[in-house]
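Here is a briefing on a predicted model, grouped by topic.

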Amino acid sequence: MEIKPGKVYLVGAGPGDVELLTLKAVRALGESDVALIDDLVNREVLQFLRPGARVIEVGKRGGCKSTPQAFIERQMVKLAQEGHIVARIKGGDPFVFGRGGEEVETLLAAGITVEVVSGITAGIGAPAAMGIPVTHRDCSHGVTLVTGHARKGAEAGDGPDWKALARTGTTLVIYMGMKYLADITRELQGGGLAATTPVAVIQNGTLANEQRLISTLASVPGDAAACGIGSPAIVVVGDVVRYGRTSVITIPLLKSA
Ligand code: SAH
């Protein structure tokens, strides 16, 4: 008997809060009988899977025990070839620092049908939840999403050119930026950003254990260490941070500035 062809949904689960899933994500999960889920994703999303669906954990967080990317891709291909409807669930948006592009390429090369379901990326959703608009007509005409994971250093060309980014005049939204926060903030000041430029750090944004910090470019490495805020976090650099609230009852910095 011929096997009915399977399919892979590449599902963005949003930054954390399960209510930030899209309706399309909920529908895709409801059709899926196997889920491959990344470790940053809120497990509450699994309630939307087809009843009895199999769940495979495929954590890839930096520094922790992880499932190699090639293995995950092989597994998706195999499951789809066996006729399964597979949900590959990723945090935020699958195409923003999520290796979604690579996975789509592999799946298409294997002749598998793939549908991408975008999600709310952490770099926009987490600041928004604390009142920070990543662009604002009055103070930021653009936003740059950038990874802080690769350090510009020993090997020339490695990692982002922070000095050049400092001169873009856009809000900088840095993913995976905590490890090299001191280097990054130093480079940005070297590129011309004022030591007093507002910076927000949001750890576990939109989740119950969320932590928020508002500081400045010069002080943020020390402040983050002092309050124990760490990965996974989004770092927002720019004047838009003035709109941010560390809690709903705090007077925004904007008013006191
Ligand atoms: N595809 C994801 C990003 C994956 S890279 C997206 O679009 O959001 C992983 C990084 O995303 C983390 O190191 C952290 O910088 C950020 N991140 C993901 N979820 C987060 C959250 N709830 N709060 C803060 N940062 C988060």
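Two strands count as paired if DSSP finds at least two bridges between them. Helices (H or I, at least four residues) and strands (E, at least two) are DSSP runs, numbered from the N terminus. The model is predicted: local features need pLDDT of at least 70, side-chain atom pairs count only at pLDDT 80 or more, and totals for chains, interfaces and linings use all residues. Residues are numbered from 1 along each chain as its sequence is written, and side-chain values use heavy atoms, with hydrogens and water left out.

**Sheet and helices**
- Strand S2 (residues 34-37) pairs with strand S4 (residues 85-90) in the parallel sense, over four bridges.
- Leu36 stands opposite Arg88 in S4.
- Helix H1 (residues 23-31) packs on the sheet and touches strand S1 (7-12), S4 and S5. Contact means heavy atoms within 4.5 Å.
- The direction of H1 makes about 145 degrees with that of S1. Axes are lines fitted to C-alpha atoms, for helices over the stretch in contact, and angles run from 0 to 180 degrees between N-to-C directions.
- The open sheet has five strands in the order S3-S2-S4-S1-S5, with parallel pairing.
- Its edge strands are S3 (54-57) and S5 (114-117), and each pairs on one side only.

- S6 and strand S7 (residues 171-175) pair in the parallel sense over five bridges.
- Val143 stands opposite Thr171 in S7.
- Buried means under 20% relative accessible area, exposed over 50%, partly exposed in between (1.4 Å probe, protein chains only).
- Phe97 lies in the loop between S4 and helix H3 (100-109). Phe97 is partly exposed, with a relative accessible area of 40%.

**Salt bridges**
- The structure holds 13 salt bridges, each a side-chain nitrogen of Lys or Arg within 4 Å of a carboxyl oxygen of Asp or Glu.
- Glu115 and Lys7 meet in one of 2.9 Å, N to O. This pair links strand S5 to strand S1, 108 residues apart.
- Glu103 forms a salt bridge with Arg88, the closest N and O atoms being 3.1 Å apart. Glu103 and Arg88 are buried.
- Lys90 and Glu103 also meet in a salt bridge (3.2 Å, N to O). Lys90 lies in strand S4 and Glu103 in helix H3, so the pair ties together parts 13 residues apart in sequence.
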